[in-house]
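Student: I am new to this one. Please walk me through it with questions and answers.

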Amino acid sequence: MAYLTIALRAAGLGGPVLGGEALLDPVYAQLAARAGAGTFALGGCADATGEPFLAAFRRTFGAAPGRPAAAAFDPATLLLDAITARAGSRADVRAALGRGPFKLPQGTFAFTAGARPSSRSRCRWGAGS
């Protein structure tokens, strides 16, 4: 992605560059250098830099996570908790999700009775948030 950004700048694109979470990789910033100015990464609320998440991940897996791990950790935790509570069907999982809100490393998550994300959900967006 860095080389594409450099090429776009060389071709005269002066506006913002939008991309996925790969733009958050430190290698992108290193390679793109000044061409990377005005770059915006779009993604979910997963943040592998927040201390609550880092501590929980290291405690569970014994290693530091990457961003994909951060994106998957809380949803996997919710699903495994529902299974542990003997959810044997999708309806049981929906019912388990409806019993929130759940305080997890990346924030507090709540769901409607139909297992849709609720407005009561709050993500953490970085260290100290």
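Tutor: Let us begin with a term: a residue is buried under 20% relative accessible area, exposed over 50% and partly exposed in between, with a 1.4 Å probe and protein chains only. This is a predicted model, where local features need pLDDT of at least 70, side-chain atom pairs count only at pLDDT 80 or more, and totals for chains, interfaces and linings use all residues. Residues are numbered from 1 along each chain as its sequence is written, and side-chain values use heavy atoms, with hydrogens and water left out.

Student: Which element of the protein chain has the lowest mean pLDDT?

Tutor: pLDDT is the predictor's confidence in each residue, from 0 to 100. The protein chain has a mean of 78, with 84% of its residues at 70 or more. Residues 125-129 stay under 50. Among the elements, H1 has the highest mean (91), while the lowest (62) belongs to strand E5 (residues 122-123).

Student: Is threonine 5 buried or exposed?

Tutor: Threonine 5 has its place in helix H1. Beyond four places in sequence, threonine 5 touches Val17, Tyr28, Ala35, Gly36 and Thr39. Because its relative accessibility is 0%, threonine 5 counts as buried.

Student: How far apart in space are the C-alpha atoms of alanine 37 and threonine 5?

Tutor: Alanine 37 lies in the loop between helix H2 (26-32) and strand E2 (39-41), and is exposed at 52% relative accessible area. The two residues are 32 apart in sequence. In space, C-alpha to C-alpha, alanine 37 and threonine 5 are separated by 9.6 Å.

Student: What distance separates the C-alpha atoms of alanine 22 and alanine 41?

Tutor: Alanine 22 is in the loop between E1 and H2, and its relative accessibility of 57% makes it exposed. Along the chain, alanine 22 and alanine 41 are 19 residues apart. Their C-alpha atoms are separated by 7.7 Å.

Student: Why is the pair of phenylalanine 57 and phenylalanine 61 described by that name, and which name is it?

Tutor: Rings of Phe, Tyr and Trp (its six-membered ring) pair if their centres lie within 6.5 Å; planes under 30 degrees apart count as stacked, over 60 as edge-to-face and the rest as tilted. The structure holds one such aromatic pair. The rings of phenylalanine 57 and phenylalanine 61 have centres 4.7 Å apart and planes at 45°, so the pair is tilted.

Student: Which of those two residues is exposed?

Tutor: Being four residues apart in helix H3, phenylalanine 57 and phenylalanine 61 are separated by about one helical turn. Phenylalanine 57 is buried, at 10% relative accessibility. At 53%, the exposed residue is phenylalanine 61.

Student: What is the phi of the glycine that follows H3?

Tutor: In H3 (residues 51-61), Phe53, Leu54, Ala56 and Phe57 are buried. H3 is followed by glycine 62. Its phi is positive, near 75°.

Student: Where is alanine 33, and what is its phi?

Tutor: Alanine 33 belongs to the loop between H2 and E2. Although alanine 33 is not a glycine, its phi is positive, at about 50°.

Student: And what is omega for the peptide bond from glycine 100 to proline 101?

Tutor: Proline 101 lies in the loop between helix H5 (90-97) and strand E3 (102-104). The bond from glycine 100 to proline 101 is cis, with omega near 15°.

How values were computed: Helices (H or I, at least four residues) and strands (E, at least two) are DSSP runs, numbered from the N terminus. Contact means heavy atoms within 4.5 Å.
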